[in-house]
Amino acid sequence: MTTTAITNIGTLVTNNPELGDGPLGQIKDAALVIDGDKIAWAGPAKNVPATDEAHDAAGRAVIPGFVDSHSHLVFAGDRTAEFNARMSGQSYQAGGIRTTVAATRAATDEALEANLVHHLAEALRQGTTTFETKSGYGLTTQDESRALRIAAAHTDEVTYLGAHIVSPDHADDPAAYVELVTGEMLDACAPHARWIDVFCEKGAFDGDQARAILTAGKAKGLHPRIHANQLSYGPGVQLAVELDAASADHCTHLTDADIDALAQGDTVATLLPGAEFSTRAEWPNARRILDAGATVALSTDCNPGSSFTSSVPFCIALAVRDMGMTPDEALWSATAGGARALRRTDVGHLAPGARADLAFLDAPSHVHLAYRPGVPLVSEVWRGGTRAV
């Protein structure tokens, strides 16, 4: 395999404190060596070993590729009218998902995949090299399984979300829908997924229903994640920790007991500021979660209803401006934090042995991601040791 040295890096973020300064393991005037699809060496540029090829970073900052651990990218249609109504004073409610369900059911496989690929390319240009995505806009056995099959062709991080809302087909009999989600639909979807998720919220699924759904998924070999405590206080976070869910996502409305549970368990609190931005809702208090010692991830929640953004840099800027995070914490959460939310050790950092996923910033430091919001700072992206952008 060919080895490549990336030299003249202004600031390198490794996310490994053993390699550099602070929790981000930062190295000034740095270099990286890539061997095949892995990082082979990272350190001061003056010590870079000999390689087959070299690539000049021209003084730019280099960071790990973003790990977007929560998205909903298998869908059709859009919800412009709903967004316009919200910006005109209406409140966000979970039921708007039904609009996307109707459009997704009517779409062809080819149209769904083309839309997925479009948004993946959009995210890649902004530095996202690992992503998770969910079903949840089909809500029939056939439509959920085809969504997962389409997603699985593009990522290993696929989540079965038949329990997004109660299907319109079962509006008068939620118990029958839970039976479908934990039975026939689960059987058809499990072979295509790694994860199982549930929207535990008023207007979606209560705590008992969520426990039944996630427990059934675990019995089929799927690991839990939970949409928890987004719109109101509820049992989602406590349930996530109880079931050893990889992440509890949203975490907007948290009690002290919720915070304590997150701090004492292995469940990552995944914060999704794009949703609060797009719904004008209360911001999650990241400072409170971090100060308690819990692990935080930042993700886009890219979906057509409540957070139609694929930009992790945008979410970093929101987290710093409105959620009490420092620029260092926000970057770590969008890279290493996202990896923890997916229980991955090969991505989210740039230490030797990690996958060679990295983003170049047209700036001397990662702090510019929050300092210059809205500016397209990602100028180059490498994934698996190969330049992709």
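## Cavities, a pocket and a buried strand

The largest cavity holds about 100 Å³ of space. This is a predicted model, in which local features need pLDDT of at least 70, side-chain atom pairs count only at pLDDT 80 or more, and totals for chains, interfaces and linings use all residues. Residues are numbered from 1 along each chain as its sequence is written, and side-chain values use heavy atoms, with hydrogens and water left out.

On a 1 Å grid over the protein atoms alone, a cavity is a set of points where a 1.4 Å probe fits but cannot get out, while a pocket is an open set with protein on both sides within 12 Å along at least five of seven lines; lining residues have an atom within 4 Å of a point. Grid points are joined across faces, edges and corners, and a volume is the space filled by probe spheres set on the points. There are 2 cavities of 30 Å³ or more.

| Space | Volume | Residues nearest its centre |
|---|---|---|
| Largest cavity | about 100 Å³ | His72, Tyr92, His164, Asn303 and Ser306 |
| Largest pocket | about 290 Å³ | Thr129, Phe131, His154, Thr155 and Arg383 |

The largest pocket is lined by 16 residues. Helix H3 (109-125) and strand E7 are the elements that give two or more residues to this lining, and H3 supplies the largest share, 5 residues. Helices (H or I, at least four residues) and strands (E, at least two) are DSSP runs, numbered from the N terminus.

E7 (residues 128-134) also leads us to strand E8, since the two run parallel and are joined by 3 bridges; strands pair if DSSP finds at least two bridges between them. Here threonine 133 stands opposite valine 158 in E8. E8 also pairs in the parallel sense with strand E9 (residues 195-200), over 3 bridges, and tyrosine 160 has isoleucine 196 of E9 as its bridge partner. Because 7 of the 7 residues of E8 (residues 157-163) are buried, the strand is largely enclosed by the rest of the structure. Buried means under 20% relative accessible area, exposed over 50%, and partly exposed in between (1.4 Å probe, protein chains only).

Serine 232 counts as buried because its relative accessibility is 15%.

Finally, a word on confidence, given by pLDDT on a scale from 0 to 100 for each residue: the protein chain has a mean pLDDT of 97, and 99% of its residues reach 70 or more.

How values were computed. pLDDT is the predictor's confidence in each residue, from 0 to 100.
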